[in-house]
Amino acid sequence: MALAHGPTRQKVTLSADLAAPPAEVWAAIGDFQDMGWHPAIHATTGEGGNAIDATRVLTLGQDGGPTISEQLYKYDADKMTYSYRITDVAVDVLPVTNYSSHLTVKPRPDGGSVVEWRGAFYRGYPNNDPPPDLNDEAAIKAVTAVYQAGLDALAKRFGTP
């Protein structure tokens, strides 16, 4: 008899080497209330600045587009890092549940900076036998695409070493 089990936590980590110094990159991405640097984000509204428990709502694509609600749970400007979780998103927008993410800027040994974006999440369908659009592979593919689009935009903006 096979024992069924629920989903396992998935993880994605991507990074980009940028030509700009860390402080310049952090100035562009370090404000939790402004995600305008990401090409998929049409607008960001929120409350609480960069304080713990601050919230933001990302509107995707255009006015009236789908939204993702997020909450900040760690912020350290000196270490150029913050962590947040999604509090509300439709699985047809991003096929994940229990999503948390960390965005960090670090100096590169030979100049410039590296941006690391990592996340952990469960697939969009929490039970066994998920449909293809809500399985582990769909969740990983979607999160990877979000991170890659953001990192590509930063590479275009700041150049690569």
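Seven strands form an open sheet in the order β1-β7-β6-β5-β4-β3-β2, with antiparallel pairing. β1 and β2 (41-47) are at the edges with a single partner strand each, so one side of each has no neighbour in the sheet. From one strand to the next, the twist averages 20 degrees. The model is predicted. Two helices, α1 and α2, pack on the sheet.

**Strand pairing**
- Strands of a sheet pair through backbone hydrogen bonds, in either a parallel or an antiparallel manner.
- β6 and β7 run antiparallel and are joined by ten bridges.
- L103 has W117, in β7, as its bridge partner.

**Helices on the sheet**
- α1 touches β1, β4, β5, β6 and β7 of the sheet, and its direction makes about 150 degrees with that of β6.
- α2 touches β1, β6 and β7, and its direction makes about 15 degrees with that of β1.

**The two faces of α1**
- α1 spans residues 22-29, and its buried residues are P22, V25, W26, A28 and I29.
- These residues lie on the same side of α1 because they cover an arc of only 160 degrees around the axis.
- On the face turned away from the buried side, α1 carries the exposed residues A23 and A27.
- The packing partners of the buried residues of α1 are the strands β1 (10-18), β4 (67-76), β5 (81-89), β6 (96-107) and β7 (113-123), together with the helix α2 (136-158).

Note on methods
Residues are numbered from 1 along each chain as its sequence is written. This is a predicted model: local features need pLDDT of at least 70, side-chain atom pairs count only at pLDDT 80 or more; totals for chains, interfaces and linings use all residues. Side-chain values use heavy atoms; hydrogens and water are left out. Buried means under 20% relative accessible area, exposed over 50%, partly exposed in between (1.4 Å probe, protein chains only). Helices (H or I, at least four residues) and strands (E, at least two) are DSSP runs, numbered from the N terminus. The arc is that of the directions from the helix axis to the C-beta atoms. Contact means heavy atoms within 4.5 Å. Two strands pair if DSSP finds at least two bridges between them. Axes are lines fitted to C-alpha atoms, for helices over the stretch in contact, and angles run from 0 to 180 degrees between N-to-C directions.
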